[in-house]
Amino acid sequence: MSQIDKYRARLGTAAEAIDGLKSGAHLAMGMATAEPPALLGALADMAEHGRVDDIKLWYFHSMDHARDTVLRPGLLGRIRPRCMFLSSIERKLLGSQGPGEKSPIEFVPVAFSESPRLFKEQVPLDLFCTTVSPMDKHGWFTFGTSNDYSTTAARSAKKLVVEVNPNMPRVFGASLLHISEIDAIVENTSPLAEIDAPGTSAEEAIVAATIADMIDDRSCLQMGIGALPGAVCALLKDRRDLGIHTELMTPALASLIQCGAVTNQAKTTYRGRSVFTFAMGDRAFYDFLDDNPGMHSAPVDVVNDPRHIAKNRNVVSVNATLQIDLGGACNSEHLMGRQYSGSGGQLDFVRGATASKGGKSIIACQSTARNGTVSRIVPRLDGPVTTPRNDTHIVVTEYGAVDLRGKSLNQRSDALIGLAHPRFRDELANGL
């Protein structure tokens with residue numbers, strides 16, 4: 001059979017593609033912009049009509065397609081989310097939970113880098129579904145914006161179903177999937193989910209300027225999500241020979257490639273290419289990724305491996321946190337008594353950047369939250385430790401920066417109190 005004949009033999013409707021899924025099954029979906037809307041809609045329809053129950057749905061970082069289908073409140077119970085990184089969608093669902101009610105979301109703590117191993121060794125996946133770019137003449141698709149755990153989950157599940165979308169960029173790197181590996185194909189032309197560039201507060205602008213001053217020519221960058229990393233990138237356009245080795249590829253990082261600040265020529269690994277494991281942005285950004293040989297997509301257990309990160313020199317990792325205690329431990333995932341997000345890949349890049357020759361791991365936050373009424377510098381954390389105090393390197397707020405390496409607990413406490421908002425410093429100094 002020709003490749004196109006193999007394709008046609010597997011092509012069908014979304015309902016046909018997941019027909020045979022049984023109650024109690026373990027199913028994983030592509031995350032973020034790789035959510036397959038037609039397949040998720042078919043699964044939601046099966047659950048709504050009582051044809052399946054107790055489906056364990058595994059994923060990181062949901063977006064609108066999942067919100068409107070499998071994560072609809074009326075379906076929770078028949079579909080049981082096993083979420084490893086909460087977004088605003090799960091936070092809203094958890095916020096609607098009444099006193100004494102069982103949580104509609106089951107949060108599974110796991111480092112992003114460990115998720116491929118989880119799907120390979122621990123979770124007996126019956127089905128994996130994701131969005132892919134169209135097939136080429138040789139029978140190859142790509143995982144597009146979401147390599148992450150998808151390349152492993154796709155090959156670990158008993159059944160692999162893909163949703164082919166011409167809007168999904170075709171990417172270079174370790175992202176190929178052959179027609180012979182696929183059990184069923186669905187075609188669906190729908191816009192990829194997009195994220196807007198968030199506005200930057202005055203405090204974030206100050207923090208961004210402090211961080212930008214720490215980034216020299218030939219540095220290798222990892223940037224997290226949100227307004228702050230974008231503000232930092234906007235200040236780096238005069239740098240030379242920057243590199244990119246990052247978990248998340250964003251329009252802000254792409255702008256540094258487009259203006260010539262990023263060449264990737266000073267990197268040790270994947271020289272000349274920007275490395276990432278998943279990507280989110282707008283339509284122009286997806287067009288930039290498409291068929292771009294300067295972009296290299298790889299699985300998250302490669303991209304986020306601290307040993308691999310550290311092979312590059314001068315790695316600068318920039319990540320946000322919710323709280324920092326006076327010893328330097330960071331809670332970046334738990335807020336107001338609830339799980340807020342997840343550990344993601346923060347600790348991986350903290351350790352990788354710190355181990356890099358000349359590297360800098362930067363944890364940043366505004367000094368206060370809730371309109372200035374709560375200090376983010378605290379005597380004790382309110383939630384789990386995302387980055388242990390042993391690993392925290394440089395901390396930045398709008399009141400400055402401090403390098404915690406080599407400092408005693410008393411020295412750390414004094415230095416971090418100096419980064420707190422002035423109205424909270426006396427309380428912190430007195431141990432309140």
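Residues are numbered from 1 along each chain as its sequence is written. In this predicted model, local features need pLDDT of at least 70 and side-chain atom pairs count only at pLDDT 80 or more, while totals for chains, interfaces and linings use all residues.

Strand 10 spans residues 220-223; strands (E, at least two residues) and helices (H or I, at least four) are DSSP runs numbered from the N terminus. Cys220 and Gln222 lie on one side of strand 10 and Leu221 and Met223 on the other, and all four are buried (under 20% relative accessible area with a 1.4 Å probe, protein chains only).

Strand 10 runs parallel to strand 16 (residues 315-320), with four bridges between them; pairing requires at least two bridges found by DSSP. Here Met223 sits opposite Val318 of strand 16. Strand 10 is also parallel to strand 11 (residues 243-244), through two bridges, and Cys220 faces Gly243 in strand 11.

A cavity is a set of points, on a 1 Å grid over the protein atoms alone, where a 1.4 Å probe fits but cannot get out, and lining residues have an atom within 4 Å of a point. Grid points are joined across faces, edges and corners, and the volume is the space filled by probe spheres set on the points. The largest cavity has a volume of about 30 Å³, and its lining includes Thr33, Glu35, His65 and Asn165.

Key. Side-chain values use heavy atoms; hydrogens and water are left out. Buried means under 20% relative accessible area, exposed over 50%, partly exposed in between (1.4 Å probe, protein chains only). On a 1 Å grid over the protein atoms alone, a cavity is a set of points where a 1.4 Å probe fits but cannot get out, and a pocket is an open set with protein on both sides within 12 Å along at least five of seven lines; lining residues have an atom within 4 Å of a point.
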